[in-house]
Amino acid sequence: MKVMTDGEVALRDFEDSDVSLIAEYANNEKISKNLRDIFPHPYVEEDARVFLDMVKGKEPQTFFAIEYKGMCVGSISLSLGSDVYRKSAEIGYFVGEPYWGKGIGSRAIMLMVEFGFKTFDIVRIHAGVYEYNKVSQHVLEKCGFEKEGVFRKSVYKGGKLYDEIRYSKVKEGI
């Protein structure tokens, strides 16, 4: 089921047939180096099956396939905050390398922001980007996210410490 679309890019439920494509795109160090360590590398079909089993039927539904020209090309999600952070959510995403540079990530983020603000009682969506991921920083800025600050040496990835750049978008009219 498609949740949101702009006519070319859509956010939809994951399907069992997405397993091989998710595994193919996710098994890429250029992607895994920008994500949390819970995201395995190498990434195999069994990892994709475990992921799909985890997100299918999850309520509320916050994990979606990014669809482009009828194919799954990536994943996007919102992690809803709790307690004093219950009005916020963190966005996470990846697009398979063959689809980089086509504006798909930007379009998917804009759809997810619209979905998040319409569906949930949240007023803020944020993302943390590792200092070396300039492309993701640019994409978020293109989508209207503002740089909030730098969490100095807060990320330990690949045996090194890095800064995390925090971006957010606040619901209009707040």
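How many residues sit between strand 1 and strand 2 in their hairpin? Read on for the answer, view by view. This is a predicted model, where local features need pLDDT of at least 70, side-chain atom pairs count only at pLDDT 80 or more, and totals for chains, interfaces and linings use all residues. Residues are numbered from 1 along each chain as its sequence is written, and side-chain values use heavy atoms, with hydrogens and water left out.

**View A. The hairpin of strand 1 and strand 2.** Three residues lie between the two strands, and glycine 7 in the turn has a positive phi of about 100°. Strands here are DSSP runs (E, at least two residues), while helices are runs of H or I with at least four, both numbered from the N terminus. The two strands pair in the antiparallel sense over three bridges; to count as paired, two strands need at least two DSSP bridges between them. Across from lysine 2 you'll find arginine 12 of strand 2.

**View B. A salt bridge between glutamate 67 and lysine 2.** Their side chains meet at 3.1 Å, N to O. The rule asks for a side-chain nitrogen of Lys or Arg within 4 Å of a carboxyl oxygen of Asp or Glu, and by it the count comes to 17 salt bridges. Glutamate 67 belongs to strand 3 and lysine 2 to strand 1, so this pair ties together parts that are 65 residues apart in sequence.

View C. Strand 6 and strand 8 (residues 160-170) run antiparallel over seven bridges.

**View D. The largest pocket and its lining.** A pocket is an open set of points on a 1 Å grid over the protein atoms alone, where a 1.4 Å probe fits, with protein on both sides within 12 Å along at least five of seven lines; lining residues have an atom within 4 Å of a point. This one is lined by 49 residues, with Asn34, Leu35, Gly92, Tyr93 and Phe94 nearest its centre. Among the elements giving two or more residues to the lining are helix 1 (19-26) and strand 5 (88-95).
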